[in-house]
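Please look at the sequence and the 3D view below before reading on.

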Amino acid sequence: MSSLASPGTATSRGDTRGSGMKRFARAVLGRQPIGLIFGAPYAVFIAVLFAYPLGLAIWISFHRYFFAAPGVSVPRPFVGLANYQAVLSDPAVRQALLNVLIFLVINVPLTVGLSLLLATALNAAIPFRTFFRTSFYVPYVTASVATVGVWLFMFSGGGLVSNALGPLAPVPSWLINQKWAMPSVAIYVTWKGLGFYILLYLAALQNVPKELYEAASIDGASRWHKLKSVTVPGVRQVTTLVTLLAIITGANLFTEPYLLTGGGGPNGKSTSPVLLIYQTGIEQNHPDFAAALGVILVIGVLLIAGAQHLLDRGQS
Amino acid sequence: MTAQTARPAADDIAAPQDAPAIEPRSQRPWWRLIVLLFGALVFLFPFYYMIIGSLQKKQNTSLGGALPQPGNVTLHNYSQINAALDLGRALINSGIFTGGVLFGTAVFGVLAGYALAQLRFRGRSLLFAVMLLVLTVPFQLLIIPLYVLIVRNYGLGDSYLGMIAPYAINSTAVFVFRQYFLQLPKELFDAARIDGASELRVLTSIALPLVRPALLTAMLLTFIGPWNEFLWPFLITKQQSLQPLAVALANYISTVSGVATNPYGAILAGACVLAIPAVALFIAFQRHFVSVNIGSGVKG
């Protein structure tokens, strides 16, 4: 049996009569059909809890759909793009998208700058290195609900931060201030997620060849120059990832505006798209509108991810 | 090099150690220390303040209140939040939710990751492509159809099954498992197969022991998902007796706390109880939670 030489066919060893059947099965199912069984639960999971809901979301977004009392059947007529038109012309949606933009403008530079700085500082033989590394990702592993609790305590009117700043604190206080609500959310999210990005940057920094730094030193490059022409290009992949993840996070903010700014307040100035999906779809019983908003966001995220992928390829 | 190099290297067969790469010229670590100390202060202070606030008899938000004051210490806030939420019940609910997800991911996720990495079967590339799509599409954007299906159509609202189902197999973990299994030498498996070992046996007695440290990292990352998750369990549990702690505490923050005598004391006491298990786990296993492992999980 020549097939013995190729990996993964040992099961057919010594079985000459069944080999025709086996060969047929192998042609249809692949060399190791057991993989189908191993992968089946996950495939079923994806089909039932990802693909089908995604399809259902698209279906709902093209129909008039609302939750009726159990057992009552209601007509769900096809309405074409009406839900999409409603979403795109809704001022609350525009405000939410604007808020995502504000979020990104604050979150991305802060995250990239601070995590690169802290990762660089960590990337050396430093006393208490493990302590520092651990302390940075403690917020990342803690539940948002718990950390939001203490941020409320610190940033509410009359809280510690306002007391420390005295007359410099904004009036009305941070979380109920139209100008400061969204930046506060963005700063909170940056604080919470930074530890994760520090670890990513640390890994990337450790992969930058040391020879590059040595070569730059020989050429007499300054510290700043080395940062600009060796470090930053060396971690570009992580920076791309940070931007992508920030966009996904921004579209998905829910706990923060729901709890920190009391439901996207004041005046919708810190609403996020997912908070709107919840409010319109479930609280106000317009799941068709919410589904259309969800589909638009999925398409948006996929387009941005695709564009970044292409850009990334083009550059490297 | 300091004690860092003494860390046992047996951890990660898959990845190089998280050892610092030293820039030879910078013999002055003082700026690093200042930056790091400042960072640690910013990251840890809210946690310190969480504990201080949870112990205050009377709410004190002045600057002096940030220091422990022996006269103003009480455990009353903990009994207050316990009376409002039933902390034990809420912790059990969080445990069941998290345990269900960990079980599903450890069993079915590992099987899928192994199949994707080491087995040749029809549909493998399709499964892999779909998995990448799942990783890109944020779960939160599917809440409406999932709510329709799970609560309305299947009647699984207010049930553990409904809570666990959308999270049952963590796709990020499957991706990470695949990466780990890919890095194992193929010859190892072929030898076992020639000896007649079944594929399940190859997985459990050869592949799994080799990636055990990495597996632990992936399971730790999987743990924080459901333990900290708010939106989904919040949507589908209306009965308080079924709510995980994150949901019960959030409801307390947004509704009940206004009428309590020291609302922040109770909120922060609940926050401490919610935070401690995850933080303790990560500190205990911090050795496994190194940048290299995480990096391999996220990099495409």
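Two residues are in contact if their C-beta atoms, placed from the backbone, lie within 7 Å. This is a predicted model, in which local features need pLDDT of at least 70 and side-chain atom pairs count only at pLDDT 80 or more, while totals for chains, interfaces and linings use all residues. Residues are numbered from 1 along each chain as its sequence is written, and chains are lettered from A and ligands numbered from 1 in the order in which they are written.

**Between the chains**
- Chain A brings 89 residues into contact with 95 residues of chain B.
- On the side of chain A that touches chain B, helix 2 (residues 34-61) of chain A gives the most, with 17 residues; helices are DSSP runs (H or I, at least four residues), numbered from the N terminus.
- That side of chain A divides into 64 nonpolar, 22 polar and three charged residues, where Ala, Val, Leu, Ile, Met, Phe, Trp, Tyr, Cys and Pro count as nonpolar, Asp, Glu, Lys and Arg as charged, and the others, Gly among them, as polar.

**Between the domains of chain A**
- Chain A is assigned domain 1 (21-80) and domain 2 (83-315), with bounds that come from an automatic or database domain assignment.
- The C-alpha centres of domain 1 and domain 2 of chain A lie 33 Å apart, and their contact takes 10 residues from domain 1 of chain A and 10 residues from domain 2 of chain A.

**Between two helices of chain B**
- Helix 3 (residues 87-118) and helix 7 (residues 171-182) of chain B pack at an angle of about 45°, with their axes 8 Å apart; axes are lines fitted to C-alpha atoms, for helices over the stretch in contact, and angles run from 0 to 180 degrees between N-to-C directions.
- The contact includes B:Gly109 and B:Gly113 of helix 3 of chain B, and B:Phe177 and B:Phe181 of helix 7 of chain B.
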